[in-house]
Structures are given as C-alpha cells and as structure tokens.
Amino acid sequence: MLTLPPHPEVPESLKRLRAAGFRMVTLTNFSSMAVRAQLQNAGLAQYFDESISVDSVRRFKPDQAVYRSAATHLGAAPGELRLIAAHAWDVFGAMRAGWKAAFVARNGVPLLPLGPKPDLIAPDMKGIADALGITLDHCREQGSSIDPATEGSS
C-alpha cells in the first residue's frame with residue numbers, strides 16, 4: 001500500500017490545483033508516518049501543506065468527529081472545506097459534517113444510493129480539477145470573495 005503509484009493524471013491535476021492557489025491537505029485513516037511515506041513514494045508530497053491523521057481523534061472516517069477536528073485544526077468552518085475522494089463513504093461523511101465534496105468515480109464506482117450527492121463528480125482527478133477550475137473562474141467573474149487558499153482537499 002505504501003508504494004502504490006498514483007493514477008496517471010493525479011500529479012498534473014494536483015499541480016494545477018496547487019497553482020490555482022488551493023490549500024491542500026490529506027485527511028487519512030492511516031498514521032501520519034504511513035501517509036507521509038505513501039506520498040513520498042508516489043512523488044506527491046510536494047503538493048500538500050500537511051497530512052492530518054485520525055490518530056488525534058481516535059476515531060475513523062466517516063465519523064463526523066474526524067472532519068470536525070480537521071476543520072478546527074485548519075482554522076476553517078466546515079462549509080469552507082472540500083473533500084476530494086474516491087470513496088463514497090468518505091464523501092458521505094464529509095458532507096454530513098458540513099463540508100463540500102467532490103467524488104472521483106473511477107471505473108464507474110457508484111455513490112451511496114441513499115446518501116447526499118456531492119456537487120462535483122468526475123471519472124478522474126483531471127475532471128475534478130477541470131470542474132474546480134471552472135468553479136473558481138466563475139466565482140472570480142462574479143466578484144465572489146471566495147479565497148481558494150481556504151478550500152481544503154484530501
């Protein structure tokens with residue numbers, strides 16, 4: 001698990017999101033040490049400001065306490081944060097905690113049928129980055145005060 005390569009479009013997608021000014025962190029059920037090793041081995045560590053582990057909360061995602069703790073740690077209101085995940089249960093947990101979410105539906109993996117639907121769904125990270133870029137551009141055109149640096153990701 002710690003040596004899995006990223007999907008081919010992920011490095012470029014993360015680079016685009018970083019260049020757009022998004023503050024990016026990971027929120028993981030793994031230990032801090034394990035996620036650090038995984039990101040280093042995959043060549044993705046440079047795109048993230050930090051990694052937040054469930055270690056301090058002593059609960060696992062999708063428990064809402066995990067997302068609330070991460071929001072507090074980041075100094076952001078839940079509605080200012082966005083989780084990007086390929087796990088429907090993680091998207092569901094984040095949305096229940098008040099976060100925005102984007103679902104990476106790789107290979108047609110479905111969302112939970114009874115859960116809320118995130119506002120962004122794409123087959124890969126490129127699609128998510130494209131959608132977030134459009135959203136960001138649209139907000140700027142509309143004169144919105146949205147600061148991409150307050151949008152979190154995982």
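Contact here means that heavy atoms lie within 4.5 Å. The structure described is a predicted model. The mean pLDDT of the chain is 87, and 86% of its residues reach 70 or more. Over residues 142-154, by contrast, pLDDT stays under 50, although the model has 36 contacts beyond four places in sequence for this stretch. Where pLDDT is low, the predicted coordinates should not be read in detail.

Helix α3 (64-74) contains the buried residues Gln-64, Ala-65, Val-66, Tyr-67, Ala-70, Ala-71 and Leu-74. The elements that cover these buried residues include β1, β2 (50-53) and α4. Just after the helix, Gly-75 adopts a positive phi of about 70°.

In soluble globular proteins, nonpolar side chains tend to be buried together. The largest nonpolar core of the model has 22 residues, of which Leu-27, Ile-52, Tyr-67, Leu-81, Trp-99 and Phe-103 touch the most other members. Two or more residues are given to this core by each of β1 (25-28), α3, β3, α4 (88-96) and β4. The greatest contribution is that of α3, with five residues. Tyr-67, leaving aside neighbours within four places in sequence, is in contact with Leu-27, Lys-61, Pro-62, Asp-90, Gly-93, Ala-94, Ala-97 and Trp-99. Apart from this core lies another, of 20 residues, among them Ala-102, Val-104, Met-125 and Ile-128.

Ile-52 belongs to strand β2. With a relative accessible area of 11%, Ile-52 is buried, because the cut-off for a buried residue is under 20%. Beyond four places in sequence, Ile-52 is in contact with Val-25, Thr-26, Leu-27, Thr-28, Ala-70, His-73 and Leu-74. One of these residues, His-73, is 21 residues from Ile-52 in sequence, and the two C-alpha atoms are 8.7 Å apart in space.

Three strands form an open sheet in the order β3-β4-β5, with parallel pairing. Strands β3 (82-85) and β5 (120-122) stand at the edges and have a single partner strand each, so one side of each is left without a neighbour in the sheet. From one strand to the next, the twist averages 10°. The pairing of β3 with β4 is parallel and extends over four bridges; within it, Ala-85 stands opposite Phe-103 in β4. Strand β4 (residues 100-104) is also joined to β5 by three bridges, again in parallel, and Ala-102 stands opposite Leu-120 in β5. Both faces of β3 are covered, with Arg-82 and Ile-84 buried on one side and Leu-83 and Ala-85 buried on the other.

Ser-13 counts as buried because its relative accessibility is 2%. The side chain of Ser-13 reaches the backbone oxygen of Glu-9 at 2.8 Å. When residues up to four places away in sequence are not counted, Ser-13 touches Met-125, Lys-126 and Ala-129. Of these, Met-125 is among the residues of the 20-residue core.

Note on methods:
Residues numbered from 1 in each chain as written. Predicted model: local features only at pLDDT ≥ 70, side-chain atom pairs only at ≥ 80, totals over all residues. Heavy atoms only, no water. Buried < 20%, exposed > 50% of the residue type's maximum accessible area, 1.4 Å probe, protein only. Polar contact = N/O pair within 3.5 Å; in protein donor to acceptor, adjacent residues only side chain to side chain. Pairing = 2+ DSSP bridges. Axes fitted to C-alpha atoms, helices over the stretch in contact; angles between N-to-C directions. Core = buried A, V, L, I, M, F, W, Y, C linked by side-chain atoms within 4.5 Å. pLDDT = per-residue confidence, 0-100.
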